[in-house]
Amino acid sequence: MENHPPACKGRPREFCTDQALAAALRVFWSKGYEGASMADLTEAMGITKPSLYAAFGNKEALFHKALDLYEAEKLAYIREALHQPTARGVVEHLLRGALDAQTHKGEPQGCLGVIHSVACGEEAESIKAAVIERRASSQAALLARFQRAKDEGELRDDVEPEGLAQYLYALFQGMAVQAGSGATREELERLVETGLALWPSR
């Protein structure tokens, strides 16, 4: 009897859902939610439209599953960064992780979350709201880490953790937009080094 990988258990399918979801992620990442047509998705995933609906639900449900995969595979550096011993170490790990993720060869450039957090159009409104909601949880964790750094005397007295977190996310977004517009890794590295040079240590 033929064995199937875990993702393909249950009713036999002609495709593996893990591989199909990875293909859908690349389409959403490179074209955006509104720009990704069902034809684009089914062609990249190697499945028919009925198979897509049966396995993943509608386009919006497929995007949410693709975003889960993106966060698990591409944004692991964010979780790792929060365990660094100093706030500056947290920021350096975040910025260098973002640099690697946004300029990785063979992958679409930029950040999937930033692409969809600035998406416009009626179709993308629910997607934009979902992405912003997800980002809020990581922002809250970062803010808590900066508040701890302030309480422990790592930051100058005139530095507010909220403003520092907002500044860092603005830098992330700027890097993602520039990466998506064709900026080189060397150009983005200069942004990282400048951001670290401006870190408000005592």
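Valine 159 counts as buried, at 9% relative accessibility, where buried means under 20% relative accessible area, exposed over 50% and partly exposed in between (1.4 Å probe, protein chains only). This residue lies in the loop between H8 and helix H9 (161–180); helices (H or I, at least four residues) and strands (E, at least two) are DSSP runs, numbered from the N terminus. Apart from its neighbours within four places in sequence, valine 159 is in contact with Lys150, Leu164 and Pro200, contact meaning heavy atoms within 4.5 Å. The C-alpha atoms of valine 159 and serine 201 are separated by 9.4 Å, although the two residues are 42 residues apart along the chain.

The model is predicted, so that local features need pLDDT of at least 70 and side-chain atom pairs count only at pLDDT 80 or more, while totals for chains, interfaces and linings use all residues. Residues are numbered from 1 along each chain as its sequence is written, and side-chain values use heavy atoms, with hydrogens and water left out.

The secondary structure of the protein chain consists of ten helices and zero strands. Of the 202 residues in the protein chain, 41% are buried. The protein chain exposes about 10,900 Å², of which carbon and sulfur atoms supply 53%; accessible areas come from the Shrake-Rupley method with a 1.4 Å probe, and for residues only the protein chains shown count as cover. Among contacts in the protein chain with a separation of 6 or more, 65% are accounted for by residues 24 or more positions apart.

The largest nonpolar core has 53 residues, of which Phe28, Leu41, Met45, Leu62, Leu95 and Phe146 touch the most other members. Such a core is a set of buried Ala, Val, Leu, Ile, Met, Phe, Trp, Tyr and Cys residues joined through side-chain atoms within 4.5 Å. Leucine 62, with its neighbours within four places in sequence left aside, contacts Leu21, Ala24, Phe28, Leu41, Met45, Leu52 and Phe56.

Helix packing was examined for two pairs. The axes of helix H2 (residues 38–45) and helix H3 (residues 49–56) come within 10 Å and cross at roughly 85 degrees, which makes H2 roughly perpendicular to H3. Axes are lines fitted to C-alpha atoms, for helices over the stretch in contact, and angles run from 0 to 180 degrees between N-to-C directions. Angles under 35 degrees count as roughly parallel, over 145 as roughly antiparallel, 65 to 115 as roughly perpendicular and the rest as oblique. Met38, Leu41, Thr42 and Met45 of H2 form the contact with Lys49, Leu52, Tyr53 and Phe56 of H3.

For helix H6 (residues 87–103) and helix H8 (residues 125–151), the axes come within 9 Å and cross at roughly 150 degrees; H6 is therefore roughly antiparallel to H8. Ala87, Val90, Val91 and Leu94 in H6 meet Leu142, Arg145, Phe146 and Ala149 in H8.

Helix H8 also holds arginine 135, which counts as partly exposed at 23% relative accessibility. Between the C-alpha atoms of arginine 135 and tyrosine 169, 34 residues apart along the chain, the separation is 9.9 Å.
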